[in-house]
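Look at the chain below and follow the explanation from its loops to its core.

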Amino acid sequence: MVFVYEFGKKYDLTLRQAFNYLSRYKAIDFIDQNYGFMHTQSFASMIEDMTSYCHRRGASPDEALSQNVYLAKACASQMNVIIEKMFVLIKSLAALLSKTQKEMTMDQVLSTVIHSETYLKVMDERTGLYLLSSG
């Protein structure tokens, strides 16, 4: 989850946009299968490697950059706090689903969470659900 968030941050994508991009080009599966190696790399290195990986699988070089920006005009420091709280909730949902649905791959778990109605409500600042996060 952290990598998807960092990838999105690099390319000004929402968590959902970043996940969809990485999932479309099977980068989530690649990371899951190579976790032992991948977690030893820096985020910057992983982002470069996964960007190249996606390009080799058919993504255009500027596709990630051309996505809409979700938080373009927001106050950076306040929005970072909100995003961190949202991220904690989403991460918790993914962890819970992963524990209860052991047959699901990481890609399936993240896809289920990111495409859920709960995700939409957590990410909608107007609902205030992120305020329930302790993070």
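Lysine 26 counts as partly exposed, at 40% relative accessibility; partly exposed lies between buried, under 20% relative accessible area, and exposed, over 50%, with a 1.4 Å probe and protein chains only. The model is predicted: local features need pLDDT of at least 70 and side-chain atom pairs count only at pLDDT 80 or more, while totals for chains, interfaces and linings use all residues. Residues are numbered from 1 along each chain as its sequence is written, and side-chain values use heavy atoms, with hydrogens and water left out.

Lysine 26 sits in the loop between α2 and α3. Helices here are DSSP runs (H or I, at least four residues), numbered from the N terminus. Most residues other than glycine have a negative phi. Lysine 26 is not a glycine, yet has a positive phi of about 65°.

Aspartate 12 also has a positive phi, of about 55°, and is not a glycine. This residue lies in the loop between α1 and α2. Aspartate 12 is partly exposed, with a relative accessible area of 47%.

The largest nonpolar core has 35 residues, of which Phe3, Phe7, Leu22, Met50 and Ile90 touch the most other members. A nonpolar core is a set of buried Ala, Val, Leu, Ile, Met, Phe, Trp, Tyr and Cys residues joined through side-chain atoms within 4.5 Å. Helices that each supply at least two residues of this core include α1 (2–10), α2 (15–24) and α6 (76–100). α6 gives the most, with 6 residues.

Leucine 22 touches Phe3, Val4, Phe7, Ala27, Ile28, Met50 and Cys54, leaving aside residues up to four places away in sequence; contact means heavy atoms within 4.5 Å.
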